[in-house]
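Here is a briefing on one structure. Please read it with the sequence and the coordinates open.

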Amino acid sequence: MAELPPPPSAPSRRTVLGLAGSGALLAGCAGEDPPAAGSTGGTGSAAPVDAGAVEDLPVGSAVKVDRDGVQAVVSRPEPDRVVAFSPVCPHQGCMVTPREELYVCPCHSSQFDLTTGEVLAGPADTGLEPYPASVEDGRILLG
């Protein structure tokens with residue numbers, strides 16, 4: 001009887017993370033320009049996404065939005081103005097979250113300004129990508 005080879009060992013964490021990162025890099029190398037931050041990659045004729053009532057977002061605060069294929073972080077610096085950014089950290093692609101008066105990357109602690117998206121602390125060396133946002137009839141519209 002022939003001897004069976006030993007079972008394959010489980011891949012190391014480094015191998016799994018390396019492969020995941022390679023996939024993300026390859027996805028970013030597609031032949032087309034990437035869609036706008038947070039968009040679904042459509043033709044650009046999609047209607048704006050309603051992200052909720054502006055009154056539900058207190059002045060000076062922010063919220064993460066994931067609705068109808070749009071992902072964004074939205075803050076309200078003034079009563080009648082909202083700003084939005086892609087939630088993707090430019091350092092390594094983790095999703096930032098609102099925390100107190102900042103957006104913070106949970107992976108490596110990069111910090112970004114709620115109002116401008118500018119990087120305040122690295123390792124990220126660039127800010128968050130702006131995303132179109134407006135207030136109409138008391139509703140926050142993205143896109």
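Asp-50 has a relative accessible area of 29%, so it counts as partly exposed; buried means under 20%, exposed over 50% and partly exposed in between, with a 1.4 Å probe and protein chains only. The model is predicted, so local features need pLDDT of at least 70 and side-chain atom pairs count only at pLDDT 80 or more, while totals for chains, interfaces and linings use all residues. Residues are numbered from 1 along each chain as its sequence is written, and side-chain values use heavy atoms, with hydrogens and water left out.

**Salt bridges**

- The structure holds two salt bridges; the term requires a side-chain nitrogen of Lys or Arg within 4 Å of a carboxyl oxygen of Asp or Glu.
- Asp-50 pairs with Arg-139, and their closest N and O atoms are 3.0 Å apart.
- Arg-139 sits in strand S11 (residues 139-142) and Asp-50 in strand S1 (residues 49-53), so this pair ties together parts that are 89 residues apart in sequence.
- Strands (E, at least two residues) and helices (H or I, at least four) are DSSP runs, numbered from the N terminus.
- Arg-139 is partly exposed, with a relative accessible area of 33%.
- Glu-78 and Arg-81 form a salt bridge through their side chains, at 3.7 Å from N to O.
- Arg-81 is partly exposed at 33% relative accessibility, and Glu-78 is partly exposed at 41%.
- Side chains of opposite charge can pair when their charged atoms come close.

**Sheet and hairpins**

- Four strands make an open sheet in the order S2-S3-S4-S9, with antiparallel pairing.
- S2 and strand S9 (130-131) stand at the edges with a single partner strand each, so one side of each lacks a neighbour in the sheet.
- Strands pair if DSSP finds at least two bridges between them.
- S2 (residues 62-67) and S3 (residues 70-78) run antiparallel and are joined by six bridges.
- Two residues separate S2 from S3 in a hairpin, and Asp-68 in the turn has a positive phi of about 50 degrees.
- S3 pairs with S4 (residues 81-85) over four bridges, in the antiparallel sense.
- S3 and S4 also form a hairpin, with two residues between them.
- Within this pairing, Val-74 has Ala-84 in S4 as its bridge partner.
- Two bridges link S4 to S9, again antiparallel.
- Phe-85 stands opposite Pro-130 in S9.

**Ala-72**

- Ala-72 lies in strand S3, and Val-65 stands opposite Ala-72.
- Ala-72 counts as buried because its relative accessibility is 0%.
- Ala-72 and Ser-86 are 14 residues apart along the chain, yet their C-alpha atoms are separated by 4.8 Å.
- Leaving aside neighbours within four places in sequence, Ala-72 is in contact with residues including Val-63, Lys-64, Phe-85, Tyr-131 and Leu-142; contact means heavy atoms within 4.5 Å.

**Aromatic pair**

- One aromatic pair turns up in a search of the whole structure.
- The partners are Phe-85 and Tyr-103, arranged edge-to-face at 6.3 Å centre to centre, with 70 degrees between the planes.
- Rings of Phe, Tyr and Trp (its six-membered ring) pair if their centres lie within 6.5 Å; planes under 30 degrees apart count as stacked, over 60 as edge-to-face and the rest as tilted.
- Phe-85 lies in strand S4 and Tyr-103 in strand S6 (residues 102-104), so the pair links distant parts of the chain, 18 residues apart.
- Phe-85 and Tyr-103 are both buried.
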